[in-house]
Amino acid sequence: MKTVKIWSDIRANIIQLETYKNSEKSDEREFYKEIIRRGRCFVALDTRNGFIFATSRFVGYNGNSIKNHDENRDKDGRVTNQAIDKILGSHETNKKIENRFKIFCSNIDIKPDNCKRTYWNLSLL
């Protein structure tokens, strides 16, 4: 799959991922929870309604979906991170955002993997 090239590509994938989060279909909600649980690098959006977290391995491929993600045997977070870095700048560790991420996960019944995470911190306020 081709990686994202512009912000609107990332934005479309974030919207798609949020659709899965709020889906009536349990398999779509479970996909969302699993991809968030296992994520290492996230686009973190501070919105009026709270934070949105979207993992780079999903939002970094253009036009992504559950089907495309599952069929992409070559998916690689290092590749998507580079593509997103070109658009949003460098991702980095951030204790404040990490704490928000843990609260976010707790609120939606996810126990995230115990690992170091990095973030692209964006505000849509």
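I began with Ala44 and looked up its bridge partner in β3, which is Asn121. I note at the outset that this is a predicted model.

**The sheet**

I next checked how β1, residues 41-47, is joined to β3. I found six bridges, and the two strands run parallel. I then traced the whole sheet. It is open and has three strands, in the order β2-β1-β3. The pairing is mixed. Which strands stand at the edges? I read off β2 (50-55) and β3 (118-123). Each has a single partner strand, so one side of each is left without a neighbour in the sheet. Neighbouring strands here are turned by 20 degrees against each other on average, with direction ignored.

**The helix across it**

I turned to helix α1, residues 7-21. Which strands does α1 lie across? I noted β1, β2 and β3. Against β2, α1 runs at about 105 degrees.

**Val59**

I then picked out Val59, which lies in helix α3, residues 56-59. Is Val59 buried or exposed? Its relative accessibility is 0%, and buried means under 20%, so I logged Val59 as buried.

I listed what Val59 touches, leaving out residues up to four places away in sequence. The contacts are Val4, Ile10, Asn13, Ile14, Leu17, Val43, Ala54 and Ile84.

Last, I looked up Val59 against Thr80. The two are 21 residues apart in sequence. In space, their C-alpha atoms are 7.9 Å apart.

Technical notes
Residues are numbered from 1 along each chain as its sequence is written. This is a predicted model: local features need pLDDT of at least 70, side-chain atom pairs count only at pLDDT 80 or more; totals for chains, interfaces and linings use all residues. Side-chain values use heavy atoms; hydrogens and water are left out. Two strands pair if DSSP finds at least two bridges between them. Helices (H or I, at least four residues) and strands (E, at least two) are DSSP runs, numbered from the N terminus. Axes are lines fitted to C-alpha atoms, for helices over the stretch in contact, and angles run from 0 to 180 degrees between N-to-C directions. Contact means heavy atoms within 4.5 Å. Buried means under 20% relative accessible area, exposed over 50%, partly exposed in between (1.4 Å probe, protein chains only).
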